[in-house]
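Please open the model in a viewer and keep the selection panel at hand. The stops below proceed from model confidence to a helix and then to the pockets.

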Amino acid sequence: MADTPASFSLIDRPWIPVLDMSGSYRRVSLAEVFAEAGQLRCIAGDLPTQTFALLRLLLAVLHRAVEGPDDMRAWGELWASPGLPIRDITGYLDEFRDRFDLLHPKTPFYQVASLRTEKGEVSGLERLIADVPVNEPYLTNRLGPGLQRISPAEAAVWVVHCQAYDTSGIKTGAVGDPRVKRGKSYPIGPGPCGGLGGVFLEGPTLRETLLLNLIALDCPYLEQEPDKDSPVWERPPHGPAEEDDAWRGPYGVLNLYTWQSRRIRLVGDEHAITGVIIANGDKLTWENRYRHEPMTGWRRRKDQGRGRQGPVYMPALHDPARALWRGLTSLLPTKSAAMGHAGADMLPPALSQWLARLRAHGYLDPSYRVTTRAIGAIYGTKQTVIDAVYHDHLTMTVQAFDADGELATAIVDSVADAEKAVAALRWLAVDLCRAAGGYGGQRSDPPAAAGARAAERGFAELEVHFRQWLGSLGPTTDPREARAQWQTQVRARVAAIGAELVAQAGPQAWVGRYLDPHKRTDYISSAIADLKFRRALNRALPLAAGSLITPAAEAQPHEVSA
């Protein structure tokens, strides 16, 4: 009797990493993750980028299983139900059961069964596993057996991650791909999610997380073509060449959530995966895709070429040196966001606008709180390696997403208040350094370096307090009182840092000096710098009670300069 072909059904076998409500970690199958979504806390990938990629896969299944949803009313019925429509979901998965078999001989999940190279090479698993440092795998638990074999369950997660975040660079040349030259396939860029400043909405359970990110077909912020848009498993199996544009689109979120940026074939069986072939797949450019991709913010490109009709928007990538709360303005809907065609500099994620619409139409309780998670890959060396993974989050009331609401305005203005206060702190540090003899106007010179250190300290001090303040806001909060409370906190924290910097400036800064000794102009000392700082802080935080300028402080600069 012939041997039974290897099989690993993603519908039935556990492979998706999750946390339940008690915080216990385990793996569940596709059928289980939807059936138990109300009792699961979240997807828990080894990397945040795994979580983001797996969430998009689950959303594609759910979108298709519920056939939309068509509109907000249909979405509201899903939200009001105690669980997900598991009968529809399992029926849909069964319809495409062969396409969800990781080791199927003809249609392996997210792979090409016939993929091979001219010389029959097979790469090691370090090509698939993104958290193995390139060339120097010293700080990793993947050495030795950890890189020789992994389970099919773990391999399935890394295949999904590879399609979403694989690095760019020269790839294996697959037989049958017309793009291959001399056995090599030249760079087409990283996986699609690697070009996004990924954002998703998170509720207290995985069920609510899935529904919050399930955008209805009638959402005015997206262009979706349900007759053309389809996930990859509903289309003919791939070969080594690029898929025809008529099939792959993108025509909507289903194309994008399951985009096949690579051609992959795993080597192994149901007991262990021991090797992989990874070749280039379908190229995707993100220019002006803001009407198709909902899980990222967008930034207007300033350097667009002449003759272009209308503004060009690209995904707003996350800055690893900047905490999420400082960029909150770009995540929340604004009145100008709806006028993207008129040239707004920033467009918020369509998800944020969708959430605002749900709240405006009464589908979410005013006291409901949502967490916005931001995830992104930071690439280096021509995008051929992943240097770091960005992950941050903010929890806030849904009132924050009301572009016309006073509370949303107060939140955005409060971020600006913090920026202005820290700018005053930065200039204090610059002036103190100059008073002590520091010269230079370049970023690497002592005054600028001192300012940068002070600003970094200021933002770090304010971060935890902003998160606490933001989390305390609710539907009954008075916006003006809340902003005044925040300004008072900012003034206290930043003023304390400023006082410490002045005290540590030393006797040379207290005596001071002329910045231009020949003309004897622009005299600066620690006392003058302190006064300028206090005045700037008062201008930045006008709602904070009291004044930071004392009569003694007013007198000091005149006495020194005399």
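Colour the protein chain by pLDDT (the predictor's confidence in each residue, from 0 to 100): the average is 91, and 91% of the residues score at least 70. Then select residues 550–562, where the pLDDT is below 50 and the stretch has 13 contacts (heavy atoms within 4.5 Å) beyond near neighbours in sequence. Where pLDDT is low, predicted coordinates should not be read in detail.

This is a predicted model, in which local features need pLDDT of at least 70 and side-chain atom pairs count only at pLDDT 80 or more, whereas totals for chains, interfaces and linings use all residues. Residues are numbered from 1 along each chain as its sequence is written, and side-chain values use heavy atoms, with hydrogens and water left out.

Glycine 362, with a positive phi near 80°, follows helix 10.

Finally, select Glu126, Arg127, Thr167, Lys171 and Thr384, the closest to the centre of the largest pocket among its 42 lining residues. Strand 13 (385–397) supplies the largest share of that lining, five residues.

Conventions
Helices (H or I, at least four residues) and strands (E, at least two) are DSSP runs, numbered from the N terminus. On a 1 Å grid over the protein atoms alone, a cavity is a set of points where a 1.4 Å probe fits but cannot get out, and a pocket is an open set with protein on both sides within 12 Å along at least five of seven lines; lining residues have an atom within 4 Å of a point.
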